[in-house]
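Good morning, everyone, and thank you for making time for this. I would like to take you through one protein chain, going from its overall layout to a few of its side chains.

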Amino acid sequence: VPDIFTLWQQVLVTIGFSLRASAPLVEIAAPILDFHEKSLAQLRHDIDTAQKFLNQLTPAQFANSAKIPVAHQAGQAELSMTGQTYLQQYALPNFFFHLSQVYALLRQYGVPLGNHDFDGFHQYN
């Protein structure tokens, strides 16, 4: 589809939303990613960077996150909402939207993916 992000852009935005969904809720800065076209090795490095950041977060850090105010941008809109609203109505929906675009583009390119690859729960014989 000519008017959507390319595969690498979708991957980067998905990585970005994994960070944007969590960092504001624990009130720490997320790693800054370069959103220019990258090689597969560079994308994997960004995924590793995000995973390392996310893995160091603890449940205790999220204890008060539901009520904290989160100010952020959605495109050109300046928004402010509680942490719970931010996570449930903005960050997670955007993360899964872009993740599903990655999945769809990979399918379009012939990668043999199924529902079990997307959610990790489905099993088919």
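I will begin with the fold, go on to the nonpolar cores, and finish with the aromatic rings.

Please keep in mind throughout that what you see is a predicted model. The protein chain contains 5 helices and 2 strands, and if we follow it from the N terminus, the elements come in the order α-α-α-β-β-α-α. Its C-alpha atoms fill a box of roughly 45 × 35 × 25 Å along the principal axes, and of its 125 residues, 30% count as buried. If we take the contacts with a separation of 6 or more, 56% of them are between residues 24 or more positions apart. As for the surface, the chain exposes about 8,400 Å², of which carbon and sulfur atoms supply 58%.

The largest nonpolar core has 13 residues, and the ones that touch the most other members are Val11, Ile15, Leu19, Leu43 and Phe53. Helix H1 (7-20), helix H2 (23-26) and helix H3 (40-55) each supply at least two residues of this core, and H1 gives the most, with 5 residues. Apart from this core lies another one, of 11 residues, which includes Ala21, Ile68, Tyr86 and Tyr90. To return to Val11 for a moment, this residue touches Leu43 and Val102, if we leave out residues up to four places away in sequence.

That brings me to the aromatic rings. A pair of such rings is described by the distance of the centres and the angle of the planes. The structure holds 4 aromatic pairs, and I will describe two of them.

In the pair of Tyr86 and Tyr90, the ring centres are 5.7 Å apart and the planes are at 35°, so this pair is tilted. Both residues lie in helix H4 (residues 83-108), 4 residues apart, which is about one turn of the helix, and both are buried. The rings of Tyr103 and Phe118, by contrast, have their centres 5.4 Å apart and their planes at 75°, so we call that pair edge-to-face. Because Tyr103 lies in helix H4 and Phe118 in helix H5 (residues 115-119), this pair ties together parts that are 15 residues apart in sequence. Tyr103 counts as partly exposed, at 22% relative accessibility, and Phe118 is likewise partly exposed, with a relative accessible area of 32%.

Finally, which residues form one aromatic cluster? They are Phe17, Tyr86 and Tyr90.

Note on methods. Residues numbered from 1 in each chain as written. Predicted model: local features only at pLDDT ≥ 70, side-chain atom pairs only at ≥ 80, totals over all residues. Heavy atoms only, no water. Buried < 20%, exposed > 50% of the residue type's maximum accessible area, 1.4 Å probe, protein only. Contact = heavy atoms within 4.5 Å. Areas by Shrake-Rupley, 256 points an atom, 1.4 Å probe, with all protein chains shown as cover. Core = buried A, V, L, I, M, F, W, Y, C linked by side-chain atoms within 4.5 Å. Phe/Tyr/Trp six-rings, centres within 6.5 Å; stacked < 30°, edge-to-face > 60°.
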